[in-house]
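Please look over the sequence and the model before going on.

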Amino acid sequence: MSAGKKEDLSKEKGWQIRKKHLAPSITLFFENEPLKIVRGEKHYLFDENGEKYLDCVNNVAHVGHCHPHVTEQAMQQMSQLYTNSRFLHDGLSTYAQRLTELFPDPLNICYLVNSGSEANDMALQLAHAHTGGTEVISLEAAYHGTVKSCIEISQHKWKKMSLKADFTHLAPIPDTYRGLHCKNPNPGAAYAEEVEKILKKIGEDGKKMSAFIMESLISCGGQVIPPAGYMSQAFKHVRNAGGVCIADEVQVGFGRVGSHFWAFDMQGAVPDIVTVGKPIGNGHPLAAIITTKEIADSFLQKRGNYFNTYAGNPVSCAVGHAVLDVIEQENLVENARIVGDYAMCALQKLQCKHQLLGDVRGAGLFIGMEFVKNRETKEPATAEAEQLIIKLKTRRVIISVEGPHDNVLKFKPPMTFTEKDVDFLVQALDESLEELEKEKK
């Protein structure tokens, strides 16, 4: 195949070429019978035969696949200038201002990068430089990215071998359904005390605290909504021990929760560092770290200048502006609240009908459905969850499964999702559960 010539491959031929040349660790959805997707629009994906699938999993295409305004702004800027951040450019200056103005004081300084992994790596660097500490607390089953510094604190990625760093300490997931303190009348305080215990041990061992990092809502760890007061109390303990607090909003920010623009606002907590990515560019490689002037000054004094070849380039800034335009103009945060409330209600009704659906939890367009074999023992229905996503695929619904036990369906669609789409999803899930239940008899 020549470099400049586009060839339309059959699904089978494209699959064979991929298997031959792409690393085997780069997996596919539906590995045994993958989809070939050729087009996207809003919250729909289309295969090579024109079949339309409801996308319930893509929290990257935040304002909808291939949004015309985002595409137009990217193409326009790409045809004019595509260079680095070492030149003055109005797009970079105004985007940095616009982004930081979305955060509470004193979070008013940002670094632009290219991915959520880079953002979390940089957040850890900022924490280490500011505190002079080494120790990091993350949550069990957490996922913060694919670069080494993030893998070392992300238990989600340790399934085949331990990649945990000596400086990493794991706090329990603040899970009110099946977690350590799920029956505690004040689970927020109880889970925060687990962080305090770790901090005490770090001090007793003569080590110095650097950072506590958590997703504001736990995504790959099972779509978990932390109990009220958890973040603010855990943050207080961390700061008392000399550490800084990092809120990872890479998967849950930009209004997904409906009630607030940032998920940490649901907890009434203000982090020292916030990382954002995925939805920020609607598929374009863009991410950011937002922090305080004090922390940014510490990094400058102790580490010196920071430069990232592609970060903050004019095209990325144009895309970032365009995404914020669409969120505002199409009232997508309010849509997330309305449609999310509707989805929670519909799924909770479905929970009453099907014993296999043990828990429904969420905020806005971030919802987890946990499947169990027995509601009393909460034995994970791992195989059944995997079967469900296959059955949903046959009904033209794409959704994924996650969690420590791989038994939680993750609902995190583009923000254009409607109540009509919820009805379609719920009907497909109802039919799939009925089919599964009949097969089990």
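This is a predicted model: local features need pLDDT of at least 70, side-chain atom pairs count only at pLDDT 80 or more; totals for chains, interfaces and linings use all residues.

Leaving aside its neighbours within four places in sequence, with which residues is S316 in contact? Contact here means heavy atoms within 4.5 Å, and the residues that S316 touches in this way are H284, P285 and L286. S316 belongs to helix α9, which covers residues 314-329.

Residues are numbered from 1 along each chain as its sequence is written, and side-chain values use heavy atoms, with hydrogens and water left out.

Consider next the chain as a whole. The protein chain holds 12 helices and 16 strands, which are DSSP runs numbered from the N terminus (helices: H or I, at least four residues; strands: E, at least two). Its C-alpha trace spans about 60 × 60 × 45 Å along the principal axes. The radius of gyration is 22 Å, which agrees with the value near 22 Å that a compact globule of 441 residues would have; the radius is taken over C-alpha atoms, and the globule rule is 2.2 Å times the number of residues to the power 0.38. Of the 441 residues, 55% count as buried. Among contacts with a separation of 6 or more, 71% join residues 24 or more positions apart.

The interior can be described through its nonpolar cores, that is, sets of buried Ala, Val, Leu, Ile, Met, Phe, Trp, Tyr and Cys residues joined through side-chain atoms within 4.5 Å. The largest core has 89 residues, and F212, Y230, M369, F371, L409, F411 and L429 have the most contacts inside it. Helix α10 (residues 332-353) supplies the largest share of this core, nine residues. Apart from this core lies another, of 21 residues, including V113 and V244.

A last stop is V372, a residue of strand β12 (residues 366-374). V372 counts as buried because its relative accessibility is 0%. Not counting residues up to four places away in sequence, V372 touches Y177, R178 and Q355, among others. The C-alpha atoms of V372 and Q355 are separated by 8.0 Å, and the two residues are 17 residues apart along the chain.

Key
Buried means under 20% relative accessible area, exposed over 50%, partly exposed in between (1.4 Å probe, protein chains only).
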